[in-house]
Amino acid sequence: MLITTQDLLANHEIIETYGVVMGNTVRARHVGSDFMAGLRNFIGGEARGYTELLTDSRNEALERLTKEAESRGANAIVTLRFTTSHIVAGMTEILAYGTAVKVKK
C-alpha cells in the first residue's frame, strides 16, 4: 500500500477513487505513565511512556486505515492526515484518514 500526505503520488496516475477511509483507536493512559510524566514535568525530559503510547496508537490507526482501503480495492492512500481528540479524562482518540485510490505507474 502506497501512502502519502500529498494529493498525488510521483510517477503514478490515479485511475480510480474510492473515497475517504478512516482508522481510529481510543487509548487510556496508564497510572504508571502518569506518575513518570509528573516526574518528567518536574525535572524535565521526555515522557517515554506517553511517547510509546502515542506511537502505538498512530500505528494502530494507520493499520486500520490501510485495511479499510484494501477492502475497497485501493492500492494507495493520498492526503493522509492524523488528528486527535480528548474523549474523557485520560482517554484520547487518534484518527487517521485519507482518500483511498487505485494508482498505476
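Glu60 forms a salt bridge with Arg27, and their closest N and O atoms are 2.2 Å apart; a salt bridge is taken here as a side-chain nitrogen of Lys or Arg within 4 Å of a carboxyl oxygen of Asp or Glu. This pair joins distant parts of the chain, since Glu60 belongs to helix 2 and Arg27 to strand 2, 33 residues apart. The structure is a predicted model, in which local features need pLDDT of at least 70 and side-chain atom pairs count only at pLDDT 80 or more, whereas totals for chains, interfaces and linings use all residues. Residues are numbered from 1 along each chain as its sequence is written, and side-chain values use heavy atoms, with hydrogens and water left out.

Both members of the pair are partly exposed: Glu60 has a relative accessible area of 22%, and Arg27 has a relative accessibility of 23%. Residues are termed buried under 20% relative accessible area, exposed over 50%, and partly exposed in between (1.4 Å probe, protein chains only). The pair is also part of a network of salt bridges that links Arg27, Glu60 and Arg64. In general, side chains of opposite charge can pair when their charged atoms come close.

By the stated rule, the model contains four salt bridges. One of them joins the side chains of Lys67 and Glu63, at 3.4 Å from N to O. Lys67 and Glu63 both lie in helix 2, four residues apart, which is about one turn of the helix. Lys67 is exposed, with a relative accessible area of 51%, whereas Glu63 is partly exposed at 46%. A further salt bridge connects Arg72 and Glu68, with 2.8 Å between N and O. Here Arg72 is partly exposed, at a relative accessible area of 33%, and Glu68 is likewise partly exposed, at 23%.

The chain as a whole comprises two helices and four strands, arranged along the sequence in the pattern β-β-α-α-β-β. These elements are DSSP runs numbered from the N terminus, with helices (H or I) of at least four residues and strands (E) of at least two. Of the 105 residues in the chain, 27% are buried. Contacts are defined by heavy atoms within 4.5 Å; among those in the chain with a separation of 6 or more, 73% are between residues 24 or more positions apart. The chain exposes about 6,800 Å², of which carbon and sulfur atoms supply 54%, with areas calculated by the Shrake-Rupley method with a 1.4 Å probe and, for residues, only the protein chains shown counting as cover.

The four strands form an open sheet of mixed pairing in the order 1-3-4-2, where two strands are said to pair if DSSP finds at least two bridges between them. Strand 1 and strand 2 stand at the edges with a single partner strand each, so one side of each is left without a neighbour in the sheet. Strand 2 pairs with strand 4 in the antiparallel sense over 14 bridges. Within this pairing, Asn24 is opposite Leu95 in strand 4, and Val26 has Glu93 of strand 4 as its bridge partner. Strand 3 and strand 4 also pair in the antiparallel sense, over nine bridges, and Val78 is placed opposite Thr99 in strand 4. The hairpin formed by strand 3 and strand 4 has four residues between the strands, and Gly90 in the turn adopts a positive phi of about 85°.

Helix 2 spans residues 48–71; at 1.5 Å a residue its 24 residues should span 34 Å, and its end C-alpha atoms are 35 Å apart, which agrees. The buried residues of helix 2 are Ser57, Ala61, Leu65, Thr66 and Ala69. These buried residues pack against strand 1 (2–3), strand 2 (13–28), strand 3 (76–86) and strand 4 (91–104). Just after helix 2, Gly73 takes a positive phi of about 100°.

Definitions and conventions. The expected span of a helix is 1.5 Å times one less than its number of residues.
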